[in-house]
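Here's a quick tour for anyone meeting this protein for the first time. Have a look at the model, then read on.

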Amino acid sequence: MKTLSRRDMLKAGLLAPAAVAAAKGVGPLGSPMQPVDESVFPMSVYDPPDPATPAFGRERLLLDFGWRFHFGHATDPAKDFGNTGNFQKTGNFLPACGIAFDDTDWKSVNLPHDWAIELPFKNDPALQSKGFYPLGRAYPETSVGWYRRVFDLPREDAGKRITIEFDGAYRESLVVFNGFYIGRHSGGYDPFGFDLTDFANAGGRNVLLLRVDATSSDGWFYEGAGIYRHVWLVKTGPVHVKKWGTFVKSQVRSGEAALSIRTEVANHGKGSQNVRVVSTVLDPADKEVASGAAAAVSVPEGDEQSCEQELVVKRPQLWSLDERNLYKLVTELRIGSQTVDRYETTFGIRTVGFDASRGFLLNGNPVKLKGTCNHQDHAGVGAAVPDAVQYYRIAKLQEMGCNSIRTSHNPPTPELLDACDRMGVLVFDETRMMSSNPEGMAQFANLVRRDRNRPCVFMWSMGNEEGQANTDKGVLILSAMKALAAKLDGSRPVSIAPTGAIGTGGLAECDVFGYNYMDPGAEAFHKEHPDKPVMGTETVSAVCTRGIYITDPKKGFVASYDPYTTSGRASAEGWWSFCNARPWLSGGFVWTGFDYRGEPSPNGWPNISSQYGIIDTCGFPKDSFFYYQSWWTEKPVLHLFPHWNWQGMEGKRIAVWAYSNQDKVELLVNGKSLGVKDVKKDAHVAWVVEYAPGVIEARAYKGDKVTMTTKRETTGAPSQLVITTSRDEIRADGEDVAMFAVEVRDAQGRVVPVTDNDVTFKIRGFGKLIGTGNGDPTNQQPDKGESRKAFCGLCMGLVQATKDAGSITVEVRSPGLTPAKATISARQVTLRPQVATWERDVPDGSGITGLWRPAPIDTGGNEFIAFLAGAGPMIFTLRQEGGGLTGTVEGNNISFIGGGDVPVPIEEGKVDGSSVSFKAGRNTYKGTVKGDRLELDRSIYMPWHMPTPAPEDPNRPDIGPAPDNSDPSIGEFRHLPQSIPLVLQRVKG
């Protein structure tokens, strides 16, 4: 018996029983007859927005490449790189942040990175919300990860402000930089950052270290683990625009738009500065359409000031679902005649609002919200979703007719909002923590400040299904959050996705009254409060398995027929027919657009993902996709199901359904018509057919004219693989991704819907396989492996470009089947500004030239000697030329008291046969060369003078003071040796 999830408990008692007769399978992806567009891939091209133009010292550099990763341990410091935290002294917080630390056994990774997706599944009921990945207090060895990145900063960065920005890391982050403890962040979804200026080495090497702890949970769904969003290194002058420090609010009037612009200026320089803000507005074609310079404002040292400006744009090009017009605000800060900062902000001009009788209004026109809720993970990559996959997911939703998304249940990654801004999708932007405590308010403030310029964001969500929202405490919490949104934005309404109520307690604070799964309750609320706008914040929650038509709890599958209900849940047709018939209802958000890991309702193990999606985890549409496409788009649609491979069920009665938005549909079985049926608005048509192998065919009519046909045939045995790519060309930037869909077909080229052949992916050229998937909620093959079963005849590989241009060929094979391959090109592009990857230079030469590290040192258990000797990580870079020796020693001066973690040059270095000697800083080294070993004596440097006690006085009293010139506090350390043995071993890095 599975453990009940939170969602199971919420929906208990609401599910209407439905009798369904169905069977396993999926039909062909497209018809060889008159075209029925059920293509695998949406028509979309990922083309990321251009980065801001660097100027006047401001740079925003991507810091995704060249990281090292290693598991730590949540409970054992010995397995957690000594993470006891040296808070005693500044600058020597953890050995792993030392420049000499040996990370050669750490795994090389690029960001975004989700280590959870690489863990083995474990049948533990406590893990079902996490997709049965071993995370949490019971799994300390896989719940902590360490990330290390070494990089150089040019000498010219001296005097600049250096900050690090994380778009998101799950969940508790400890940040150390150049040995200095920088800070912590709690929360898996909101962005965070730190000022590194005082600890940075301009003109030298820098080490960034993160410990990420995924032991705790924010949600009851898969959340991933690690640095799963982008990281940025930002450089500015001392006087600069704050992070998210510009806000453009537009008021559309007849023939023009009035822009209210707020700019927040920070002064980290010396003394007060008189700063003038110059704002320039560029239209979608990058032409200047408005500009203005504000009067200079005095910004005290260490303080900040806001500047308010008003500009007018004539004949504005409004942002809408069809016309995604994006403007750019260029902000320049000037001190006297000098420009000290340049900051760019993308924004849109449009109006949003709600009318109690007309619903949601975009630019004054009613728009029914055809929305979906979505978690953030995807097949093959988990929560570390590449930017191109965000665009792919949005395009797939748009193909269905979806025009809006709710970011359930957390702030989204910025790149998802980029896609929505540029592709024309509205966003109900949700915070994770509904609270007026400092952490909750900070998270909500970050969300609002970060996203307030985005035209796609039409409303703020203050939380999800919070019982306290319905209470008196909820009044206090939500009113505080609403006031914060008004202060930081004030141009959008606020709402919340409630549970079990509409408009009670704190819910009354909302500008728009949401409801979850309560269609009858919404009707009653509207009758009682006809002046209140209403929206379905979460609806439907219909479960089904792609390509499956018989519900089988033992297998973990749910049939794909849509059970009709009128409760507001479990039925796509039941909800949408209710919603679409009521103009006052603004629309709603279906749970969910895509399947997601965790919350494997309605089944437990071996299910590892949910089945609520209209689309599976890969992006393959389920049958219900075509119901929504029929009624959410103007595109002609005809979709027929189930498949027609029912061996052993001859003579059994099978329900045959068609989704279409044409006037009528006729069904033919092996050439015989079973009649024409009228298509009712927002409904489907159905027949019951006695199964016989062959063909079922649907014909759609407009009036008396056949407009579309499609069919499902009884296929032969699997014979061949066919591969299709989402894009013919991608960017050679190390980030871009193409999806490769694989179909198992018979000898006649028909997709075989009842097979699960194992498919192996092989990549050649300038790309790499970053994950696979198949949409099977029970499949437990590794996402990062090279093979995947073709669930109901389908599977997918995700391939990412390298930074080199050229071709990428993906070949797929399966035993006994004809293989297939597809080739795409990776075109050379200008990489977006990024921090260069770093590799330690390995000197090449004769003698003892090379890299050397100490073997473990024997200090006799004396920790004091270990500290003085610098027994932490060290590396010796030696260059021998004849009898001379040069190079550096790193880690030479590290000690308990902190500091000294800089490369020290070797001086007076000599090699004479097998003898070697040199100085480095305050230490001298002498010894012998023995092949790949250097056996040395290292001097011990004492940071204070060791006193010499006076000679023993024979008349000293039996009880009395210590001898003159002695220091009892030193104790036995007065017997320290002058040197200690040190053995170096040759290493490669």
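This is a predicted model: local features need pLDDT of at least 70, side-chain atom pairs count only at pLDDT 80 or more; totals for chains, interfaces and linings use all residues.

## Starting with one pair of residues

The strands involved are β46, which covers residues 850–854, and β47, which covers residues 875–881; they pair in the antiparallel sense over 3 bridges.

In general, strands of a sheet pair through backbone hydrogen bonds, in either a parallel or an antiparallel way.

## The barrel

Where do β46 and β47 sit? They belong to a closed barrel of 8 strands, running β46-β47-β48-β49-β50-β51-β52-β53 with antiparallel pairing. Going from one strand to the next, the twist averages 30°.

## Two packed helices

Now for some helices. α2 (residues 387–400) packs with α3 (residues 414–423) at an angle of about 45°, and their axes are 9 Å apart. That angle makes α2 oblique to α3. The crossing of the two helices, α2 and α3, is right-handed.

On the α2 side, the contact includes Tyr-391, Ile-394 and Ala-395, while α3 brings in residues including Leu-416, Ala-419 and Met-423. Sorted by type, the residues of the contact of α2 with α3 come out as 7 nonpolar, 2 polar and 4 charged.

## The whole chain

Stepping back, the protein chain has 9 helices and 53 strands. Its C-alpha atoms fill a box of roughly 120 × 70 × 60 Å along the principal axes.

How does the radius of gyration of the protein chain fit with that of a compact globule? For 989 residues, such a globule would be near 30 Å, and the chain has 33 Å, which agrees.

Note on methods
Residues are numbered from 1 along each chain as its sequence is written. Side-chain values use heavy atoms; hydrogens and water are left out. Axes are lines fitted to C-alpha atoms, for helices over the stretch in contact, and angles run from 0 to 180 degrees between N-to-C directions. Helices (H or I, at least four residues) and strands (E, at least two) are DSSP runs, numbered from the N terminus. Angles under 35 degrees count as roughly parallel, over 145 as roughly antiparallel, 65 to 115 as roughly perpendicular and the rest as oblique. A crossing is left-handed if the near helix is turned anticlockwise from the far one by less than a right angle, and right-handed if clockwise. Contact means heavy atoms within 4.5 Å. Ala, Val, Leu, Ile, Met, Phe, Trp, Tyr, Cys and Pro count as nonpolar, Asp, Glu, Lys and Arg as charged, and the others, Gly among them, as polar. Two strands pair if DSSP finds at least two bridges between them. The radius of gyration is taken over C-alpha atoms; the globule rule is 2.2 Å times the number of residues to the power 0.38.
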